[in-house]
Amino acid sequence: MTKQELQNLKYPIGQFDCPTNISKQHIESWISILEHFPNRLENLVKQLSDQQLDTQYRPEGWTIRQVVHHLSDSHHHSYTRFKWALTEDKPVIKAYFEDRWAELFDSKLAPIDMSLQHLRAIHFKLVYLLKTLSEADLNKCFIHPETNKEVFLSNNIGAYAWHSNHHYAHIENVMKRKDWL
C-alpha cells in the first residue's frame, strides 16, 4: 500500500478545514449533521456481525467496533467542553489519550449498542444546546492543552460535524470494500 493510499484510508473526506468566516448557514448545516448522525450511524452498522465489527477500517487502524465506541467517548468529551466554555472564562480543557481509550476492554469487546444509545442521548443534548447559542456564545472558547490555542465554539461545532462524517466514511468505506453494503 502506498503512502497516498494509506492517507486516503486515514482521511477519506480530507482533514477538517474550518472556514475563516463562519456563517449562520455553516452553523445550521453543522448542527444538522450532528442532529442526524446517530441515526445515520446506527442504520449503517446495525446489521453487522461481531466478526464484521471486529474488522479494521485500515491496516493498523481501529476496528469498526472501536470506532463506534470512540465516537461515543469523543462526542461526550465534546459536549462537556461546550459546557465548560459556556460556564467558565477560557477554561483549559482536559485532553485524553483516545488511542489508549480505544485499547480498553470495553472499546474492543463491548456491544456497540451501548455506544449507539449513548451517542443518541449525547447528540440530543448537544444539538438542543447548540440550537440555543447566541453569537456571543459561539465566540466563547476553551484552550486545548496540547496546542495551548483557543478553540472557539463555532469552530468546534464544525470540527465535530466533520468528525462525525470522517468516522462514518471510515466505516462505510470498509463496508464497501468488503462488499457488505
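**Salt bridges and cysteines**

Lys-131 and Glu-35 pair through their side chains in a salt bridge, at 3.3 Å from N to O. The term means a side-chain nitrogen of Lys or Arg within 4 Å of a carboxyl oxygen of Asp or Glu. Lys-131 lies in the loop between α7 (113-130) and α8 (135-138), and Glu-35 in helix α2 (residues 24-45), so the pair ties together parts that are 96 residues apart in sequence. Helices here are DSSP runs (H or I, at least four residues), numbered from the N terminus. Lys-131 is exposed, at 53% relative accessible area. Glu-35 is partly exposed, at 37%. The cut-offs are under 20% relative accessible area for buried, over 50% for exposed, and partly exposed in between (1.4 Å probe, protein chains only).

A word on the basis. This is a predicted model, in which local features need pLDDT of at least 70 and side-chain atom pairs count only at pLDDT 80 or more, while totals for chains, interfaces and linings use all residues. Residues are numbered from 1 along each chain as its sequence is written, and side-chain values use heavy atoms, with hydrogens and water left out.

The whole structure holds eight salt bridges. Another of them joins Arg-65 to Asp-50, with the closest N and O atoms 3.1 Å apart. This pair also links distant parts of the chain: Arg-65 is in helix α4 (residues 64-87) and Asp-50 in helix α3 (residues 50-53), 15 residues apart. Arg-65 is buried, at 3% relative accessibility. The contact belongs to a network of salt bridges that links Asp-50, Asp-54 and Arg-65.

Asp-137 and Lys-140 also meet through their side chains, at 3.7 Å from N to O. Asp-137 counts as buried at 17% relative accessibility. Lys-140 is partly exposed, at 32%.

Now the cysteines. A disulfide is a covalent bond between the sulfur atoms of two cysteines. The test applied here is a pair of cysteine sulfur atoms within 2.5 Å. By that rule, the count is zero. Cys-18 is partly exposed, at 22% relative accessibility. Cys-141 is buried, at 5%.

Key: Helices (H or I, at least four residues) and strands (E, at least two) are DSSP runs, numbered from the N terminus.
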